[in-house]
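I opened my notebook to record what I looked up in this structure, one topic at a time.

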Amino acid sequence: MRPDSLKLLSLKARVTLGTLLVLLVSVGLIGAFATSHLRSDLEQELGAQQLAAVSLLAAQIDQGMGERLGTLEAVASQIQPSMLADAAAMQQYLASRPRLMQMFNSGFFVARADGTVIADFPVSANRLGTNVRQNDFMVQVLASGKPTVGRAEPGSSPPAPILPLAAPIRDAQGHVAGALVSMVDLGKPNFLIRITNSAYGKSGG
């Protein structure tokens, strides 16, 4: 083969190889871009799904809390001011409210504005005579005059968190004279169990 033919073949080979290299690089770049774009779209889609799931759970928790605070406020509004001075009458009033026991698995009690617990149900909870004036739920309900959810604190037996909810009791002038306080033991079956036991996807929460 003549030298000029070899040069021509070599030139064609270089052009072919160069074209192939450009093609391979282009395919690689397009593939990388497509993968990145797909990953971004997938992350956004998964993020939207997770946000929707969390929003649904938050709405369920809010509804459950709202129902319980509403019930607690309704029961507290029926407490006559004179009952705060009659521990026996108050105790009888609490015992006649089984609906509260269905909603609050760790019982409920009434405390005067000075924080002294004057009625408790069930009495086995041994809260009578104790003072809750410094507890955050009592501080909040006395200051705001509105139903409130306190900070969950460790229980004693078993040591599971106890979530307090409180509603104001008013005197004849409309001033806060005490509070009806309920307790939800998060270590026992409660309205949050169905939500906290819900798994997200196959691997967990």
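Is Phe 108 buried or exposed? I noted first that I am working from a predicted model, and then I found that Phe 108 is buried, with a relative accessible area of 0%.

I next looked for aromatic pairs, and the structure holds 1 of them. The rings of Phe 108 and Phe 121 have their centres 5.5 Å apart and their planes at 25 degrees, so I wrote the pair down as stacked, since planes under 30 degrees apart count as such. Because Phe 108 lies in strand S1 (residues 108-112) and Phe 121 in strand S2 (residues 117-121), the pair ties together parts that are 13 residues apart in sequence.

I then followed strand S1 to its partner S6, and I found that the two run antiparallel and are joined by 5 bridges; Phe 109 has Val 181 in S6 as its bridge partner. Strand S6 (residues 176-185) is mostly covered, as 9 of its 10 residues are buried.

S6 also pairs with strand S5 (residues 161-170), again in the antiparallel sense, over 9 bridges, and there I saw Ala 167 standing opposite Leu 180 of S6. The hairpin of S5 and S6 has 5 residues between the strands, and in this hairpin Gly 174 takes a positive phi near 90 degrees.

Last, I turned to the surface, where Leu 17, Leu 20, Leu 23, Leu 24 and Val 27 form a nonpolar patch with about 500 Å² of accessible area together.

How values were computed:
Residues numbered from 1 in each chain as written. Predicted model: local features only at pLDDT ≥ 70, side-chain atom pairs only at ≥ 80, totals over all residues. Heavy atoms only, no water. Patch = residues over 30% accessible without salt bridge, like charges linked within 9 Å, V, L, I, M, F, W, Y side chains within 5 Å. Areas by Shrake-Rupley, 256 points an atom, 1.4 Å probe, with all protein chains shown as cover. Salt bridge = Lys/Arg side-chain N within 4 Å of Asp/Glu carboxyl O. Phe/Tyr/Trp six-rings, centres within 6.5 Å; stacked < 30°, edge-to-face > 60°. Helix = DSSP H or I, 4+ residues; strand = E, 2+ residues; numbered from the N terminus. Buried < 20%, exposed > 50% of the residue type's maximum accessible area, 1.4 Å probe, protein only. Pairing = 2+ DSSP bridges.
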